[in-house]
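Here is a friendly briefing to read alongside the chain you are about to see. Have the viewer ready, and follow the topics in order.

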Amino acid sequence: MELKFSAFDSKEIIDFLKEQVVDGEVKVDAQTLQTQSYSERLAGNHQPALAFVEAKSIADVQGTLTTARKYHLPVVTQNRFTSTVIGADAVSGGIILSTAKMNQVLELNIEDGYAIVQPGVVNGDLDKLARKHGLFYAPDPASKPLSGIGGNIGTNAGGLSGVRYGSTRDNVLGLKVVLADGRLLELGGKTSKQAFGYNLTQLFIGSEGTLGVIVEATVKLLPLPLSKPLMGLAFFADMPTLAQATSALRMAGLYPAMLEAMDANTLQAIDEFKQTHYATNAGAALIFRIDMVTEQTVKVVKQILAKYHAQNVELTDDEEKQATIIAFRQAMLPAIFNGRNAVMEDMAVPTSKLAELVAYIQQLEKETGLRIFTACHAGDGNIHPTLTWDKNLKDTPPTVTLALRKMFTKALELGGTISGEHAVGMLKNQWNNVELGPDLDYLQHQIKALFDPMNILNPKRKIN
């Protein structure tokens with residue numbers, strides 16, 4: 001029996017926490033704690049959080065951190081709880097701090113092209129609001145209809161249009177952040193250019209809640225293009241050929257806004273799922289979109305596709321046909337996960353190395369006997385191999401871990417990264433010294449200690 005001499009009991013802590021959270025709500029019922037403590041990605045038996053805080057104001061965030069400091073409790077920040085890398089699961093006995101109810105658009109500035117939002121504003125909702133005024137919010141992760149801006153910023157979320165408009169960090173002008181000691185920082189501003197002081201705004205983007213809690217963001221809004229976008233769907237003999245065509249499209253002065261690739265396994269899965277015939281005589285498919293269309297755009301696109309022997313090409317500026325093409329891409333994940341255990345990974349390499357990494361993954365499939373489905377944000381070298389195994393198996397096969405380790409090592413050998421847009425969380429935090437090297441790994445721990453000396457903010461996320 002483990003003997004503990006606790007200075008405070010749970011009731012004292014919760015009572016103090018409730019005094020500090022003045023606008024939101026503190027929940028301690030078993031159902032809430034079970035639902036909010038752990039996602040399905042965290043296996044095993046775990047003790048839930050001590051309390052779940054639904055913050056509705058900056059004061060609530062500061063009050064929660066005051067409690068955490070007083071009682072030395074870990075705090076895990078949640079937004080919309082869509083993390084794929086165990087980035088928002090509870091620490092047993094700690095506090096979950098949810099910013100989902102801080103969900104107001106505080107300002108929509110049409111003239112200067114920015115919005116000031118609270119962290120719980122859903123990405124897709126902001127984009128829809130902006131489009132009513134002739135603007136749009138560019139970052140579009142797959143979780144766009146679900147994920148909040150705060151979570152997107154915390155993980156530096158990417159998306160389909162990253163090749164043209166960048167990831168989240170390229171679309172953030174300023175932040176308000178509450179530090180572990182309760183101080184409120186105002187970082188950046190409303191201007192596109194800002195050269196004063198160290199760029200702390202970018203330091204917090206992608207920090208996964210380990211340095212502070214994002215409570216407000218100023219983000220860019222871009223004007224909608226005047227011309228109708230051109231969207232295309234084309235099929236190729238194999239992924240290496242597709243990769244060559246992708247490179248040609250990217251460097252032809254077309255400035256594509258989307259370059260999405262899927263391998264033969266993925267096409268076959270979609271066919272099985274939707275009763276279609278996309279995989280017939282095709283080793284890979286490319287979906288692309290070009291927002292700024294000129295008179296020569298279609299001509300150049302057709303020339304490039306012909307050069308690389310694309311088949312069954314569809315080019316359209318019709319909104320309904322474009323929606324059909326997008327629906328084809330959106331069917332990918334439901335098709336892959338249908339009836340299978342699966343884990344989707346996230347690496348990025350220089351675009352010139354994409355074909356080599358895909359070929360290596362295909363070889364791993366043969367060596368391990370696993371079924372691997374590979375899709376890519378081909379325009380920026382971001383690749384998502386999904387490893388699958390029998391749904392009836394309770395435990396993850398050792399071959400999955402072995403294949404992932406080999407993939408990660410290969411991506412690093414090719415000059416890439418093992419996390420392109422899904423963040424690190426607790427799934428990959430032990431790879432920091434491998435990808436970054438011991439000196440940079442140590443420096444990251446020093447930065448963490450400077451901002452959060454008591455290590456209460458999202459412990460073991462990002463760095464181990």
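Strand 16 (residues 340–344) and strand 19 (residues 382–390) pair in the antiparallel sense, over five bridges. Two strands count as paired if DSSP finds at least two bridges between them. Helices (H or I, at least four residues) and strands (E, at least two) are DSSP runs, numbered from the N terminus.

In this predicted model, local features need pLDDT of at least 70 and side-chain atom pairs count only at pLDDT 80 or more, while totals for chains, interfaces and linings use all residues. Residues are numbered from 1 along each chain as its sequence is written, and side-chain values use heavy atoms, with hydrogens and water left out.

**Strand 19 and its partners**

- Strand 19 is largely enclosed by the rest of the structure, because eight of its nine residues are buried. Buried means under 20% relative accessible area, exposed over 50%, and partly exposed in between (1.4 Å probe, protein chains only).
- Strand 18 (residues 371–377) pairs with strand 19 in the antiparallel sense over seven bridges, and Thr374 stands opposite Pro385 there.
- The hairpin of strand 18 and strand 19 has four residues between the strands, and Gly381 takes a positive phi near 70° in this hairpin.
- Strand 17 (residues 347–348) is also an antiparallel partner of strand 19, over two bridges, with Met347 opposite Ile383.

**Nonpolar cores**

- The largest nonpolar core has 43 residues, of which Phe236, Cys376, Ile383, Leu387 and Met407 touch the most other members. Helix 14 (residues 398–413) gives the most to this core, with six residues.
- A nonpolar core here is a set of buried Ala, Val, Leu, Ile, Met, Phe, Trp, Tyr and Cys residues joined through side-chain atoms within 4.5 Å.
- What does Leu387 touch, leaving aside its neighbours within four places in sequence? Its contacts include Asn341, Ala342, Val343, Leu370, Val400 and Met407, where contact means heavy atoms within 4.5 Å.
- Another core, of 25 residues, lies apart from the largest one, and Val53, Val75, Val178 and Leu457 are among its members.

- An open sheet of four strands has the order 1-2-4-3, with mixed pairing. Its edge strands are strand 1 (25–27) and strand 3 (75–78), each of which pairs on one side only.
- On average, neighbouring strands of this sheet are turned by 20° against each other, direction ignored. Axes are lines fitted to C-alpha atoms, for helices over the stretch in contact, and angles run from 0 to 180 degrees between N-to-C directions.
- Strand 3 and strand 4 (residues 95–98) pair in the parallel sense over four bridges. Val75 stands opposite Ile95 in strand 4, and Thr77 has Leu97 as its bridge partner.
- In a regular strand the side chains alternate between the two faces of the sheet. Strand 3 is covered on both faces, with Val75 and Thr77 buried on one side and Val76 and Gln78 buried on the other.
- Helix 2 (residues 30–37) lies across strand 1, strand 2 (51–54), strand 3 and strand 4, and runs at about 80° to strand 2.

**Domains**

- The domain assignment gives domain 1 (10–98), domain 2 (105–223) and domain 3 (230–414); such bounds come from an automatic or database assignment.
- The centres of domain 1 and domain 2, taken over C-alpha atoms, are separated by 24 Å. Ten residues of domain 1 are in contact with 17 residues of domain 2.
- Between them, domain 1 and domain 2 bury about 1100 Å², with 62% of it on carbon and sulfur atoms. Ile58, Asn79 and Arg80 supply 41% of the area that domain 1 buries against domain 2, more than any other three residues.
- Buried area is the accessible area (1.4 Å probe) that two parts lose on being put together, summed over both.

- His422 is found in the loop between helix 14 and helix 15, and counts as buried because its relative accessibility is 18%.
- Leaving aside neighbours within four places in sequence, His422 is in contact with Thr84, Val85, Met344, Glu345, Asp346 and His384.
- Asn429 is found in the loop between helix 14 and helix 15 (432–435). Asn429 counts as buried because its relative accessibility is 6%.
- Not counting residues up to four places away in sequence, Asn429 touches Val424, Lys460, Lys462, Ile463 and Asn464.
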